[in-house]
Amino acid sequence: MSAADRLKIGKYEFSSRLFVGTGKYRDVAQTEAALGASGAEVVTVALRRVNLDDRGEGSMMSLLTSKRWTILPNTAWCYTAEEAVRTLRLARELGIADLVKLEIIGDPKTLYPDNEQTLEAAKVLVREGFTVLPYCLDDPILCRKLEDAGCAAVMPLAAPIGSGLGIRNPHNLRIIIENAKVPVIVDAGVGTASDAAVAMELGCHGVLINSAIAHAQEPVLMAEAMRDAVIAGRKAFLAGRMPMRAYASASSPITGII
């Protein structure tokens, strides 16, 4: 990709448009191999699932604080704005980052986000100087409100977390992309490389993937596939696809035929 085509989120800039998660892998070694194969520059970690104090050799925190990646701490398994804000304040006190993924769950079965709590927490975190990336429903109105609140990007789901169902509502994603003045990063629901490519071809600015890589039979190989799919999808979007037609159109010229 062109050096000029960098993903800009607030004060941050990245060459890779693939963000990856760090959960669900077999062990730290497999996590490290998959992260490396993905080419990602940003990796997300659930603060409530990692021992933040264990930074010894071979630990997850030792890997994540190795300066190889920008860490995106997230608030997975927070159910209220108060919980999420408190968790991210802790992350900042520990010196992890001020770039954060805000995730507030509204239902433990579907893991759909709570719109009201997410918007409330976003406003507080923005006021406190965080660069906020909120996980949200693919709701154009909510995405607009989150942007108006000062979020540096919006992260609508493609499908429920960990479902692997792919892009279920491309129409809504197009509306969000068309109206957003901040990056749109698809988060949750991607199942395979073609899903990531579709998201990028729609015009999304990036994709965040965890389960589709970690649950693959060969996670490292899938990480490579996701890396290539995001790059290909971005190139296809920038190139502009041909018009879709109802009937055939000859690929060879028909003028000059005797």
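**Working through the model**

Mentor: Ala225 counts as partly exposed, at 28% relative accessibility; buried means under 20% relative accessible area, exposed over 50%, and partly exposed in between, with a 1.4 Å probe and protein chains only. This is a predicted model, in which local features need pLDDT of at least 70 and side-chain atom pairs count only at pLDDT 80 or more, while totals for chains, interfaces and linings use all residues. Residues are numbered from 1 along each chain as its sequence is written, and side-chain values use heavy atoms, with hydrogens and water left out.

Trainee: Where does Ala225 lie?
Mentor: Ala225 is part of helix H9. Helices (H or I, at least four residues) and strands (E, at least two) are DSSP runs, numbered from the N terminus.

Trainee: And how far apart are Ala225 and Gly10?
Mentor: In sequence they are separated by 215 residues, and in space by 28 Å, C-alpha to C-alpha.

Trainee: Let us turn to H7. Why is helix H7 described as largely enclosed?
Mentor: Helix H7 (residues 193-202) has 7 of its 10 residues buried, so the rest of the structure largely encloses it. Those buried residues are Ala193, Asp195, Ala196, Ala197, Ala199, Met200 and Leu202.

Trainee: What do the buried residues of H7 pack against?
Mentor: They pack against helix H6 (170-179), strand E9 (185-187), strand E10 (206-209) and helix H9 (219-239); contact means heavy atoms within 4.5 Å. After H7 comes Gly203, with a positive phi near 115 degrees.

Trainee: Now the other helices. How do the axes of H3 and H4 cross?
Mentor: The axes of helix H3 (residues 81-93) and helix H4 (residues 115-127) come within 8 Å and cross at roughly 35 degrees. Axes are lines fitted to C-alpha atoms, for helices over the stretch in contact, and angles run from 0 to 180 degrees between N-to-C directions. The crossing of H3 and H4 is right-handed, that is, the near helix is turned clockwise from the far one by less than a right angle.

Trainee: Which residues meet there?
Mentor: From H3, Ala81, Val85, Leu88 and Arg89 meet Gln117, Glu120, Ala121, Val124 and Leu125 of H4.

Trainee: And how do H4 and H5 cross?
Mentor: Their axes come within 9 Å and cross at roughly 15 degrees, with helix H5 spanning residues 140-148. H4 is therefore roughly parallel to H5, a label for angles under 35 degrees. Asn115, Thr118, Leu119 and Ala122 of H4 make the contact with Leu142, Lys145 and Leu146 of H5.

Trainee: A change of topic: how many disulfides are there?
Mentor: The count is 0 disulfides, where a disulfide is a pair of cysteine sulfur atoms within 2.5 Å.

Trainee: Is Cys136 buried or exposed?
Mentor: Cys136 is buried, with a relative accessible area of 1%. Cys151 also counts as buried, at 3% relative accessibility.

Trainee: Finally, where is Asn74 found, and what is it in contact with?
Mentor: Asn74 belongs to strand E5 (residues 70-74) and is buried, with a relative accessible area of 5%. Leaving aside neighbours within four places in sequence, Asn74 is in contact with Thr44, Val45, Ala46, Leu47, Lys101 and Glu103.

Technical notes: Parallel < 35°, antiparallel > 145°, perpendicular 65-115°, else oblique.
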